[in-house]
Amino acid sequence: MNAHTPTILPALFISHGAPLFALEAGSTGPALTRWGQGLQASGQGLRGVVIMSPHWMAGSPAVMTNPAPATWHDFGGFPSELYALQYPAAGSPALAADVLALLAKAGMAAAGDAERPLDHGAWVPLMHLFPKADVPVVQVALPAGHGPAQVLAMGQALASLRAQGVLVVGSGSMTHNLREFFGGERAAAPYVLEFSRWVEAAVARGDKNALLDYRRQAPHAQRAHPSEDHFLPLFFALGAAGWGEAGEGVVHADYLSREVMHGILSMDAFALAHSPETA
């Protein structure tokens, strides 16, 4: 790569698990911290983070324009220590304006939200990724009623930001059946592993048709995701990475974690970038 070629950041998918992930980091939290430290130390000029979380669902596309978003503890019944946590990252109205413009260019009219705080689907994983809260954050809503293809297109619309020092993140969960959550640690449920590894294989071979049709083709898809809101941010990250697009070369998933928490929450996290030989 010569000095005039812009550095293109990877896109990132993170499973944020339960809110207690902020305090109970397992092996996934330290893995995210190491990766974030490596990114910041690389001198690639990190301008900001654009993140989609399923805990902001709006009737139509929306973008956080708040310059100083609050830390929203949008959950109940957890230890008091969790509610004391703050993630004081700045927002970025300028970056938000770029996001709005790119979505509009792709035919996705979006509204700015100047009051939006950071929900736990954003700030909990970011506490591990950038613990100093020194990277500006812009959150993008998951539009209610959008399916995998539409969320993939949203990510594709923002792919050019990766050449402008922006880390595009989909924050969701590789598996998310909270009906089976009993707390405590236990062996990973077989269906969790089977579903997660099916997704990993589909991503590795660039099988867009299979992944878009995961509800029918993936093993245990309905059990892994009784509703698909926590799976959809994966498509946001894939779209931003150029995954599955003809002529874009091979997009490689660099896994940061394959941990399973509480037996049923797959904490898969991976960076998506073009393989060196195809970049």
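Student: Phe 195 and Tyr 214: buried or exposed?
Tutor: Both are buried, meaning under 20% relative accessible area, with exposed over 50% and partly exposed in between (1.4 Å probe, protein chains only). This is a predicted model, where local features need pLDDT of at least 70, side-chain atom pairs count only at pLDDT 80 or more, and totals for chains, interfaces and linings use all residues. Residues are numbered from 1 along each chain as its sequence is written, and side-chain values use heavy atoms, leaving out hydrogens and water.

Student: How many aromatic pairs does the structure hold?
Tutor: Nine. Rings of Phe, Tyr and Trp (its six-membered ring) pair if their centres lie within 6.5 Å; planes under 30 degrees apart are stacked, over 60 edge-to-face, the rest tilted. In one of the pairs, Phe 75 and Phe 78 have ring centres 5.4 Å apart and planes at 85°, so the pair is edge-to-face.

Student: Are those two buried or exposed?
Tutor: Phe 75 has 15% relative accessibility and therefore counts as buried. Phe 78 has 27%, so Phe 78 is partly exposed.

Student: And what is the geometry of Phe 195 and Tyr 214?
Tutor: Their ring centres are 6.4 Å apart with planes at 65°, so this pair is edge-to-face. Phe 195 belongs to helix H6 and Tyr 214 to helix H8 (residues 214–217), so the pair ties together parts that are 19 residues apart in sequence. Helices (H or I, at least four residues) and strands (E, at least two) are DSSP runs numbered from the N terminus.

Student: Which residues do ring pairs link into a cluster?
Tutor: Phe 195, Tyr 214, Phe 231 and Phe 235.

Student: Moving to helix H5. Which of its residues are buried?
Tutor: H5 covers residues 148–157, and Pro 148, Val 151, Leu 152, Met 154, Gly 155 and Ala 157 are buried in it.

Student: What do they pack against?
Tutor: The buried residues of H5 pack against strand S2 (48–58), strand S5 (137–143) and several helices: H3 (93–105), H7 (208–212), H8 and H10 (232–241). Contact means heavy atoms within 4.5 Å.

Student: OK, histidines. Where is His 16?
Tutor: His 16 sits in the loop between strand S1 (11–15) and helix H1 (28–41). Its relative accessibility is 1%, so His 16 counts as buried.

Student: What does the His 16 side chain make a polar contact with?
Tutor: The side chain of His 230, at 3.4 Å. A polar contact is a pair of N or O atoms within 3.5 Å; within protein, one must be able to donate a hydrogen and the other to accept it, and residues adjacent in sequence count only if both atoms are side-chain atoms.

Student: Which residues is His 16 in contact with?
Tutor: Leaving aside neighbours within four places in sequence, the list has Phe 21, Pro 54, His 55, His 120, Gly 121, Pro 125, Ser 171, Gly 172, His 230 and Met 267.

Student: What does the Ser 15 side chain reach?
Tutor: The backbone nitrogen of Met 174, at 3.0 Å. A polar atom of the Ser 15 side chain also lies 3.4 Å from the backbone oxygen of Ser 266.

Student: What else does Ser 15 touch?
Tutor: Not counting residues up to four places away in sequence, Ser 15 touches Phe 21, Gly 172, Ser 173, Met 174, Ser 266, Met 267 and Asp 268.

Student: Last one: where does Asn 177 lie?
Tutor: In the loop between strand S6 (166–172) and helix H6 (190–204). Asn 177 is at 5% relative accessibility and so counts as buried. A polar atom of its side chain lies 2.8 Å from the backbone oxygen of Arg 223.
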